[in-house]
Amino acid sequence: MALMKIGEFAKELGVSVQQLRILDKNGILKPAVTSPKGTRYYSEDQLYQYKHQNRPTRIVVGYCRVSTNGQKNDLETQISNVKTYMLAKGYSFDVISDIGSGINYKKKGLQKLMKMISSNEVDKVVVLYKDRLMRFGYDMFAYFCELNDVEIEIIDHTERTEEQELTEDLIQIVTDFANRLYGKQSKKTKKLIAEVSQKEADPDDYGEEDPPAANT
């Protein structure tokens, strides 16, 4: 029986060493052999089992998303958490990730996921938070999944959207609206986008009148 150390096994499985230790501690994925000094060794059979054996035609897909390139570290953490959850559940899974606004429905990852659902390749979609799928139109997406007999599993139902993401999504909505109404190069479009961006940057100034002049 070929064995591999925990670091090699973690790399092959696409998770961290710490996550494997947690799975071991919780009795979910025990090493094949543990040395007298406590070193964990995993077998190639275990790797095959988790990656290939009895892999169903329809699989579980973990979907992860952040809004900007500046959140890549957050995306990696999100992917890691979703993988750990699905491993603990014993799912045979793939992970699809996106970097883009929650109101952008043309993201490559989201389109890939929807094509897989349409092709009857997906049994379940797992997300860390509901808004990682999309900001608006979630009910329509959920209905699309229902029509294809696909379950959406949300790990954490806590609302965790960053204020900055909401701001960026609002600006995107205004931008799309102005582009359709006035055209991309219109001065009105540029002015409207600039005004909304400024209001969001200085929310305390929104809708407030200038303070009265001091008496002299």
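Visitor: Let me start with two helices. Which residues in α3 do F9, E12 and L13 in α1 meet?
Guide: First, the elements: helices are DSSP runs of H or I with at least four residues, strands are DSSP runs of E with at least two, and both are numbered from the N terminus. To meet is to be in contact, meaning heavy atoms within 4.5 Å. On the α1 side stand F9, E12 and L13, and their partners in α3 are Q46, L47, Y50 and K51.

Visitor: Good to know. What kind of model am I looking at?
Guide: Residues are numbered from 1 along each chain as its sequence is written, and side-chain values use heavy atoms, with hydrogens and water left out. Local features need pLDDT of at least 70, side-chain atom pairs count only at pLDDT 80 or more, and totals for chains, interfaces and linings use all residues, this being a predicted model.

Visitor: Back to the pair. Is α1 roughly parallel or roughly perpendicular to α3?
Guide: Axes are lines fitted to C-alpha atoms, for helices over the stretch in contact, and angles run from 0 to 180 degrees between N-to-C directions. Angles under 35 degrees count as roughly parallel, over 145 as roughly antiparallel, 65 to 115 as roughly perpendicular and the rest as oblique. The axes of α1 and helix α3 (residues 44-51) lie 11 Å apart, at an angle of about 20°. This makes the two helices roughly parallel.

Visitor: How many nonpolar, polar and charged residues make up the contact of α1 with α3?
Guide: Ala, Val, Leu, Ile, Met, Phe, Trp, Tyr, Cys and Pro count as nonpolar, Asp, Glu, Lys and Arg as charged, and the others, Gly among them, as polar. Sorted by class, this contact has four nonpolar, one polar and two charged residues.

Visitor: What about another neighbour: is α1 roughly parallel or roughly perpendicular to α2?
Guide: Helix α1 covers residues 6-13 and helix α2 residues 17-25; they pack with axes 9 Å apart and an angle of about 100°. This places α1 against α2 as roughly perpendicular.

Visitor: F9 keeps coming up! Is its ring stacked or tilted against that of Y42?
Guide: A search of the whole structure finds two aromatic pairs. Rings of Phe, Tyr and Trp (its six-membered ring) pair if their centres lie within 6.5 Å; planes under 30 degrees apart count as stacked, over 60 as edge-to-face and the rest as tilted. For F9 and Y42 the centres are 4.4 Å apart and the planes at 10°, so the pair is stacked.

Visitor: How many residues apart in sequence are the parts that F9 and Y42 tie together?
Guide: Both F9 and Y42 are buried, which here means under 20% relative accessible area, with exposed over 50% and partly exposed in between (1.4 Å probe, protein chains only). F9 lies in helix α1 and Y42 in strand β3 (residues 40-43), so the distance in sequence is 33 residues.

Visitor: Is the pair of F141 and F144 stacked or tilted?
Guide: F141 and F144 both sit in helix α6 (residues 138-147), three residues apart, about one turn of the helix. F141 counts as buried, at 3% relative accessibility. The ring centres are 6.2 Å apart and the planes at 45°, so the pair is tilted.

Visitor: Now the loops. Is N120 buried or partly exposed?
Guide: N120 belongs to the loop between α5 (108-118) and β6 (122-127). Its phi is near 65°, a positive value in a residue other than glycine. With a relative accessible area of 43%, N120 is partly exposed.

Visitor: And D149: is that buried or exposed?
Guide: D149 is in the loop between α6 and β7 (151-154). Although not a glycine, D149 has a positive phi of about 60°. Its relative accessibility is 59%, so D149 counts as exposed.
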